[in-house]
Amino acid sequence: MGQVEEAKVSCLNLLTRHRELLVSTLRSIQCLLDNLLASGFFCEEDVEIVQRTVTKANQVRKILELIQCKGEEACEYFLFILYKVRDAYIDLQPWLKEIDYKPSRDVGEMKVVNTDPISRYSEKQRQEMSRDTSFIMSYGQQDETRLEELYTDTVMELLNDCNQSLGFVESLDQLLGEDGVFNPQGEIIYVRGDAGVGKSILLQKLQNLWSKKELQTDTIFFFKFRCRMFSIFKEAEQMSLRDLLFKYNCHPDHDPDNEVFDYILRFPEKVVFTFDGYDEIQEDIDLMNVPEVVSPEDKANSLQLLLSLLCGKLLKGSKKILTTRTGIEMQSRVIRKKVILRGFSPEHVQTYINLHFKEQEHRDLVSVQLDASPHLCGLCSTPLFCWIVFKSFRHLHTMHDIFHLPETSITLTDIFLLLSEVFLSRLVAPASSLLKKSVRCISETFTVGLRPLAGFAKLALQGLVRGSFLCSREELSECGLTEEDLALGFLRPVSDFDASEAPATFEFIHITLQSFLAAFALVLDEQGPGSSILRFFTECSRRREPCCLPLAFCISSSVKPSEKKPFAANEHLQFTNLFLCGLLSKTQERLMGQLVSPVLLKKKRALLKAYLSTSVKVHLEGLPHHNGEEGKKVHVLPHFLWILRCIFETGSKDIAAMTAKGITASFIKLGYCNVYSGDCTAINFVLQHRQKLLGLDMDNNNISDYGVKQLQPSFCKMTVVRLCVNNLSDSSIEVLAEELCKHKVVKVLGLYNNNITDAGAKLVAQIIEECPQLEVVKIGENRITSVGGRYLANAVKKSASIFNVGMWGNRIGDEGAKAFAEALRSHPRLTNLSLSANGITSEGGKCLAEALKENSVLRIFWLVQNEMTDDAAPHWADLVQADTGLSHLWLISNRFTAAGIQHFAEALAFNTKLKEICVKGNQLSEEEQQQFESEKRLRFH
């Protein structure tokens, strides 16, 4: 009994002893008052007494006075409230831990209701975000699909500051985590990807998971913004950070003391921001005149607030996810981590098929059509295009009992024509009751829907001309569009965060659809000159440096804007050009001929053909050329790829042939040009008309197995095939082996950093054996074990032409090393070999060293990052002493000690040809390294 009494006294003492700490720290009193009143410890009069007190500190003092008058149980319940409502009383949690507070059994059973404004606001955000993100857009505003029923992951790759791969994101939790962080001081998680690759839906899924508390994060606030919304804000409108957060998201309720905003300022790490579509900001801005906003109370232009948030001038430490299209670059100093979206893998496409089609028969039919068309598979690796294709399958089946797409090669124009057909089909009279399904007539659908189609097309073009992705009701009316037309599905309302019943602002359901309709407007236009169809070609052909504004101004005040609109990206204009080519193609002549004058159509087609026929030649002439071992080499710009895409959309073999003739270089470098699998059809469409041999470097893109299949007809002319860092599997190597072994002209084969296994290595070995001109093979950073290593080594042994082999970063081990040792013995031509990072121990090293004593040709040998120890050192020293002709030996990051290095130092005295032995990163101290300073050919740095 005495112990119980002592415990009660200790709670009273605690409140007395730590009174000043509580007075200075307690901020949220409403939750205390609500619970003390509900539990009966306070009456209404007590609450009124506290509320009549003027300052927050005095209110806390009054609560403490009253609670201590109520007795020990009331005091312990007071502490229990602080203990239970952690978010509101986060500053007192260390104190509660320090005093080792644990609620008694009786108090622990008492109810505490969290009425704290901070917790209430967090819950309100979760509820509203769950409502806003649970459905995804579909064809019409009334046709919604639950996010969880259709969302499919995409391939998400982490990059470092040099855009080199750091691996892949396995779950959305990793986006906010530490995986892939290369700059801890950076503020931005930078997510980029092509149009339609799933950036917005990724953020929606992330927001939805947070709303359901299924995202592994301790953040309690989440603010989402679409960057194009900043174009809505009036230019002269000044707002504070508080306005931006609460006026354009949801507003805190019952927060007279601004506790929520104060909490955000004090604990920015508890806040997540998402900014979607940074490339879509279209404001004119002179960056030199934009002052930084460093105070959360200052009012400024909304764009200034956005930039200050992204740079960390405001709410530094909060988590910020920013999405943008490929091609928009930022200073690495403000980026925390980079993620690039690669689209659907074949497994993702299959998952998407299963989600779209519930009947196995339909799944099989779709899969068969995709398997029969690598180009269609490539298009479907982009989620937006895949969505349109699958929805079109379902529409054709539902409306017309058809379950296949056209047999001819499907273009992007075909896909968006299908989407438009679905929208416009709502205007076509339904089939008579005697018929189950109506007969599909595309021309009738477009003819009936021509008026609204022309209106939407005009609206889309006007938006692109003025650089806007948003439109008002007045602009809709000016284009002849009615309220009924909105129900077709081309547009969707944009929330302007006011209380008006009818939405005042609209946008096209995707920016690429706006580009398609703008192209339609250029074709339908019968008033302007025919040459007006080339207006966007001219703009896109201008040479531009990669844009890394506006965030550069956050780093340095010396940055000068290079353009009036530093934010404006022109990819949407490139898409407009592409769709224009598709609509004016021979394939669409019958349809377009019923919508526009055939004479005008012919004139526009002739103008387009004349422009495209010389565009590649003009582009290449403006680029620097270099003469190398492969001949005349040119590194093209991404605009070159857009031209090829446009030529493919026309379907004109004449234009393709003239384009191929205009490519005079014998080696084209397309590295880092953002080539994806669907582009390979366009590249092949032109290159297959080339008569001369050609080298093609497509390293560091995203062509995948689908792209290799589409390039198959062009491999017969390729002397250089570089496909490094392209996510290729063994199925791509099957295609390469078939074509390269058939034509036997390849000299260089680059397959570094893909997903090639031993099965693929066996096929590469076949290429090495059967191609008599093959000189260089780079196949490092794959998944090749000792089995594949033996295949390759045996092939190298038989080849009389190969002189450079790169195997860095596989797992061939000692068994593979022994096979390469046999290949090296007396090899007539091999001068360069890398077996770095292959798990080779002293056992394998000894075999290599012994074999090289019989080799007088090898000049450069890399064995970096292996596991050789001093056991192998005498064998390598014997090789060095033999002075065979080896000039560079790299043994960086092995396990040699000073004793092993001593063998090398002594052997070098008898060697005249070795220029260096690199032994950096072995097991020597600085003092031990200094022992070998006199031998300059031993490199420790």
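How many of the five residues of strand β17 (residues 718–722) are buried? Four of them are buried, so β17 is largely enclosed by the rest of the structure. Buried means under 20% relative accessible area, exposed over 50%, and partly exposed in between, with a 1.4 Å probe and protein chains only. This is a predicted model, in which local features need pLDDT of at least 70 and side-chain atom pairs count only at pLDDT 80 or more, while totals for chains, interfaces and linings use all residues. Residues are numbered from 1 along each chain as its sequence is written, and side-chain values use heavy atoms, with hydrogens and water left out. Helices (H or I, at least four residues) and strands (E, at least two) are DSSP runs, numbered from the N terminus.

**Strand β17 and its partners**

- Strand β16 (residues 694–697) pairs with β17 in the parallel sense over four bridges; two strands pair if DSSP finds at least two bridges between them.
- Within this pairing, Val-720 of β17 stands opposite Gly-695.
- A right-handed β-α-β unit is made by β16, helix α34 (residues 704–711) and β17.
- A crossover is right-handed if, with the strands pointing away from the viewer, the path from the first strand over the helix to the second runs clockwise.
- Strand β18 (residues 748–750) also pairs with β17 in the parallel sense, over three bridges, and Gly-750 in β18 is the bridge partner of Arg-722.

**Helix α15**

- In α15, 10 of the 10 residues are buried, so this helix is largely enclosed by the rest of the structure.
- The buried residues of α15 include Ser-302, Gln-304, Ser-308 and Cys-311.
- Asn-301 caps the N-terminal end of α15, with a side-chain oxygen 2.7 Å from the backbone nitrogen of Leu-303.
- Gly-312 follows α15 and has a positive phi, near 90°.

**Ser-318**

- The loop between α15 (302–311) and β8 (319–325) contains Ser-318.
- Ser-318 has a relative accessible area of 4% and is therefore buried.
- The side chains of Ser-318 and Lys-320 are joined by a polar contact of 2.9 Å; such a contact is a pair of N or O atoms within 3.5 Å, where within protein one must be able to donate a hydrogen and the other to accept it, and residues adjacent in sequence count only if both atoms are side-chain atoms.
- A polar atom of the Ser-318 side chain also lies 2.8 Å from the backbone oxygen of Leu-315.
- Leaving aside residues up to four places away in sequence, Ser-318 touches Glu-187, Pro-268, Glu-269, Val-271 and Phe-273, where contact means heavy atoms within 4.5 Å.
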